[in-house]
Amino acid sequence: QQGLTQESIEQLKELVLTEPVLYGVIEKLNLRDDEGNYIDPRDFVIKITNMPNLILFQKKGVKVEQILNAEMLKITAYSDNPGEAENIANSFAEMSLHAYNDVILNQVNNAFQLIDQKVYVAKKELESAREDLQGFKIEEKIPDVKGQTNTLLTKLSDYKKEIESIDRNLEENKITLAKTKKILTEQTEYVKSSSTIRPNPMIEHYKTELITILLDIAETQEKFTPNAMEMKVLQNKYEMLKKQIQNAVEKEYGGDEIERNSYYDELIKSIGTNEIQTAGYLGKKEIYKRQINQTEKELNELLLKHNKLIQLEDKVTVLKDLYTSLLKSLQNAVIAKDMITKNLSIVQPAKLSQTISYNKFFPKKKSTMAISLLVGLLFSLLVVTLLEWIDDTVRTPEEAKMVTNLPVLGLIP
């Protein structure tokens, strides 16, 4: 046997010594004892305890042992008939081979069926995972997550840059408005009419409305074309509010003076224009803030989709690896099934030698009896000698004198 571990060798040894294999050989060769009964399979395996029965009555047996930790088992058969011993050894080897093949083949068939079922389940799960992945890509419209992420990040960066630019413009407008108002307050017309000039709250009101209109225009642009009626209505409102802001500024700084020079009028107009620009910048800033919020929301949603996509892709990868591994195992099982009878073989069948005198081999009853008698005689002499050597009993006057070193006065019979 090739490729077996020591544990497998021991299992093989136990397998070939099972009762079905032993009884199969006994029945096939019609092995009986002196009384004409089939030999008991338990007694057929040679052990120290059944040697007397083997020699005197059974006269047939088999022994299995491993050869020097090699991947081979040696089968030794005993019989008072050399030809029968040869048949026992060869039949036992063949029966063992068949038993091993049957056991392994059964294991391989069971493994094959189990792996085949797992392959079927893995294939179905892989197909389902691929469908889920493809359906998710189509439904969520994310064939290129990386590209979409980069696009959104670029938009987010552009929006933030626009807000920074607007903040700079607002700061410049604030400075310009302050300078213009200062210049205006230094004009003669303003000084003459300062008692009648009052802050106009409608300016801030119109500016707030202008910001709202700009936000409405931004939302409407996503749904309609520039020439749509909805867009024209909003544009008209926007222009009307610009005029209202300009008129409100005119009313605040015009006072009751009827005659004003053109420079004073230009200052008032500049203030109105500045207020309109400020409202426009604030409106655009609010638009960009909303766009930033929307973009960040889309990024978060895309991140969730990306994580879901990774999970689905990982699932497909794992199932694909599992399916490939199971297919390989199934192929190996097929190969093992085909090679099952090639792995275990009889290295050297038992056969009679033409040069050996078979009366030299077991069982040799005459030699055994002669040796037994000789051994018994030697053992008896040894025991007698030992008993005599350890016996210190005094039996004669001479022995008493020798032991005590005293003269003997008399002997009591």
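Colleague: How many salt bridges does the count come to?
Modeller: The count comes to 7 salt bridges, where a salt bridge is a side-chain nitrogen of Lys or Arg within 4 Å of a carboxyl oxygen of Asp or Glu. This is a predicted model, so local features need pLDDT of at least 70 and side-chain atom pairs count only at pLDDT 80 or more, while totals for chains, interfaces and linings use all residues. Residues are numbered from 1 along each chain as its sequence is written, and side-chain values use heavy atoms, with hydrogens and water left out.

Colleague: OK, which residue does Lys-28 pair with?
Modeller: Glu-94, with the closest N and O atoms 3.6 Å apart. Lys-28 sits in helix 2 (residues 19–28) and Glu-94 in helix 5 (residues 82–140), so the pair links parts of the chain 66 residues apart. Helices here are DSSP runs of H or I with at least four residues, strands are E runs of at least two, and both are numbered from the N terminus.

Colleague: Where does Glu-219 come in?
Modeller: Glu-219 bridges to Arg-290, with 3.1 Å between the closest N and O atoms. That connects helix 8 to helix 10 across 71 residues. Glu-219 has a relative accessible area of 41% and Arg-290 has 40%.

Colleague: Which residues join into one network?
Modeller: Glu-204, Lys-207 and Glu-275, through salt bridges that share partners.

Colleague: Switching topic: how do the axes of helix 8 and helix 9 cross?
Modeller: At roughly 165 degrees, with the axes of helix 8 (residues 202–221) and helix 9 (residues 229–254) coming within 9 Å. Axes are lines fitted to C-alpha atoms, for helices over the stretch in contact, and angles run from 0 to 180 degrees between N-to-C directions. So helix 8 is roughly antiparallel to helix 9; angles over 145 degrees get that label, under 35 is roughly parallel, 65 to 115 roughly perpendicular, and the rest oblique.

Colleague: What kinds of residues make up the contact of helix 8 with helix 9?
Modeller: 13 nonpolar, 4 polar and 7 charged. Ala, Val, Leu, Ile, Met, Phe, Trp, Tyr, Cys and Pro count as nonpolar, Asp, Glu, Lys and Arg as charged, and the others, Gly among them, as polar.

Key:
Buried means under 20% relative accessible area, exposed over 50%, partly exposed in between (1.4 Å probe, protein chains only).
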